[in-house]
Amino acid sequence: MTLRSLIGGIALLAVGCGSHASTRITVTGSSTVAPLFAEIAKRFEEGRPGVRVDVQTGGSTRGAADVRRGTASLGMMSRGLLASESDLLSWPIALDGLCLIVHGDNDVPSLSADQVRAIYRGEIESWDEVGGPDLPVVVVHKAEGRATLELFLRFFEIDGALVVPDVVVGDNEQGIKTVAGSPGAVGYVSIGAASHYAEQRGGLRLLPFGGVPATTRAVESGRWPLSRELIVVAARDPEGPVRSLVEFARSEEVHDLVRALSFAPFRP
Amino acid sequence: MISSALSASRRSARDRRFRRLLAIPAALAGIAVLGIAAFVIAEASPALRSIGLWAPLADAQWQPASGAFGMAPMLAATLVIALGALLLAAPLGVGAAAFARMWAPRPLARVLRGAQILLAGLPSVVFGAWGLVVVVPAVAAWQPPGASVLAATLVLALMILPTIALAADAAIAGVPGDLVQGAAALGLRRGAVLRHVVLPMARRGIGAGLVLALGRAVGETMAVLMVAGNVVQWPTSVFAPVRTLTANIALEMGYASEAHRSVLFVGGLLLLAMVAALTLVGHRRGRGIHA
């Protein structure tokens, strides 16, 4: 018994020691970019034993805060840098659009900017006021600090303090599942995330805007008005494996991953 | 009392050494709690110093960007959801334990206990995902938006049910068998034995289970964040979407600036105080009859 436990103990130690030799890169930030970056990271790790990349969400602003604090080597953001963040370095890795989503059974054809503004300010209570079914409107909004929220408010010129939400969600997936589960719900999410979900599960409708359908192709061709760059940021010029990771994420080798998640590859 | 019966052995040197050794893990638990409390107080003190203790409770709104730090609605939401879950889960948990111990045939009772243990081990995010995809749409069909006090209460009740059931099970099993048999011999039917003999004797253990469950309910973050709606407002209706203190910390801590972070820690301090108060109350009232 003692010999067995001794061998077991040594084996455990050996396994534990094995991982000490590896480099660990932590990447945090936007929940929109995270699924894409997780796939890129997995492929990056394949050719490089001993390198581990940890991808965590928490919002674009968290990504910026973490690289400044040093708790992450890279940050992911789904918006451009603000003036207050001009000390950070950034590299675009994909293009994404923002669109409004409604429940699959909600047949409202589309919403104009004024209608969106009115809905989010709580001024429109029922879908039949905008050409939809007779259902009460359930407004799904994002929590503070999310790039998707800031972009949405800025594009539709809505004052954040005046928004009257019915549900506040943390990330794209929660927003999508909430809208898909509530017939009168409306929310705004990344086109990539929504297309991906709609293709796999259905039960969701992406609303067109200004006559342009909410598709990745529209984002890629530049016709979609509410597009944004998905970027990777760092506090200083990256070196070694981190630099390789950034270059890998910007290379053609990951374009298929970008498309698989319904984003558009970034072409400089 | 055990210690008085074995006081003779205390004089042995080996026992003295053993006692000192055992004191270490016992002390660690206390030190850990004090350490965490001290850390939370330290992190919260900048906010407490600049905005005082009243502002978080008195401010009308929660808009950290504009300096409004009203936490009262979130505190209310935490309490309503936790107490609601306890009210739902307590009779179910105690009932399940009583059934398993006093009526069910042995194999069935073992299966039931196993199921409770499994349920207790499920990660909270699994409950949250299930709640988001099943409970919320079901509530939404009744009354939109679905993500609400009701959804959170239901999911949380399911999460704390095993805690109560397992504690009640142990407490009921601990009631001396001769008392139960004596009552039966006097002609009391099983229901009366449960009500007048078993439950009063098991009160202490059940009470401890309830306090544990309430503590878990107050502190639950992930599952509640996914199904409660997260809108900062007073829980005026069971269908209203609300935000608990825990969900608030989880949503905002990642990106909060220094001052904002400190206010979030004030929320953490409120949670700590709540759990401490609940534990104290539970301890006082849980002192049931114990032969």
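1. Let me start with the second largest cavity, which holds about 50 Å³ of space. A cavity here is a set of points, on a 1 Å grid over the protein atoms alone, where a 1.4 Å probe fits but cannot get out. Grid points are joined across faces, edges and corners, and a volume is the space filled by probe spheres set on the points. Please keep in mind that this is a predicted model: local features need pLDDT of at least 70, side-chain atom pairs count only at pLDDT 80 or more, and totals for chains, interfaces and linings use all residues. Residues are numbered from 1 along each chain as its sequence is written, chains are lettered from A and ligands numbered from 1 in the order in which they are written, and side-chain values use heavy atoms, with hydrogens and water left out.

2. Who lines that second cavity? The lining residues (those with an atom within 4 Å of a point) include Val140(A), His141(A) and Lys142(A), along with Val169(A), Asp171(A) and Tyr188(A). Two or more lining residues come from each of β5 (138–142), α6 (172–180) and β7 (185–190) of chain A. These elements are DSSP runs numbered from the N terminus, helices being H or I of at least four residues and strands E of at least two. By class, five of the lining residues are nonpolar, three polar and two charged. In this scheme Ala, Val, Leu, Ile, Met, Phe, Trp, Tyr, Cys and Pro count as nonpolar, Asp, Glu, Lys and Arg as charged, and the others, Gly among them, as polar.

3. How many cavities of 30 Å³ or more are there? The count comes to five. The largest cavity contains about 100 Å³ of space. It is lined by 13 residues, and the closest to its centre are Leu100(A), Phe156(A), Leu207(A), Phe209(A) and Trp224(A). Two or more lining residues come from each of β4 (89–103) and α5 (147–156) of chain A, and β4(A) gives the largest share, three residues.

4. Now for the largest pocket, with a volume of about 930 Å³. A pocket is an open set of points with protein on both sides within 12 Å along at least five of seven lines. Of its 41 lining residues, the closest to the centre are Val163(A), Val164(A), Pro165(A), Val168(A) and Val231(B). At least two lining residues come from each of β5 and α5 of chain A and β1 (62–63) of chain B. The largest share, four residues, is from β5(A). The lining has 26 nonpolar, eight polar and seven charged residues.

5. A few words on chain B as a whole. This chain has 13 helices and two strands, and its C-alpha atoms fill a box of roughly 70 × 60 × 30 Å along the principal axes. Of its 291 residues, 42% count as buried, that is, under 20% relative accessible area, with exposed meaning over 50% and partly exposed in between (1.4 Å probe, protein chains only). Among contacts (heavy atoms within 4.5 Å) between residues at least 6 apart in sequence, 73% join residues at least 24 apart.

6. Which salt bridges are worth a look? Over all chains there are 20, each being a side-chain nitrogen of Lys or Arg within 4 Å of a carboxyl oxygen of Asp or Glu. One joins Arg228(A) and Asp96(A), at 3.1 Å from N to O. Arg228(A) lies in strand β9 (residues 227–234) and Asp96(A) in strand β4, both of chain A, so the pair ties together parts that are 132 residues apart in sequence. Arg228(A) is buried at 4% relative accessible area, and Asp96(A) is buried at 1%.

7. Three further cases in chain A. Glu85(A) and Arg79(A) pair at 3.0 Å between their closest N and O atoms, and both are buried. Lys42(A) and Glu39(A) meet at 3.5 Å; both lie in helix α2 (residues 34–46), three residues apart, about one turn of the helix. Lys42(A) is partly exposed at 48%, as is Glu39(A) at 31%. Finally, Arg24(A), Arg52(A) and Asp54(A) are linked in a network of salt bridges.
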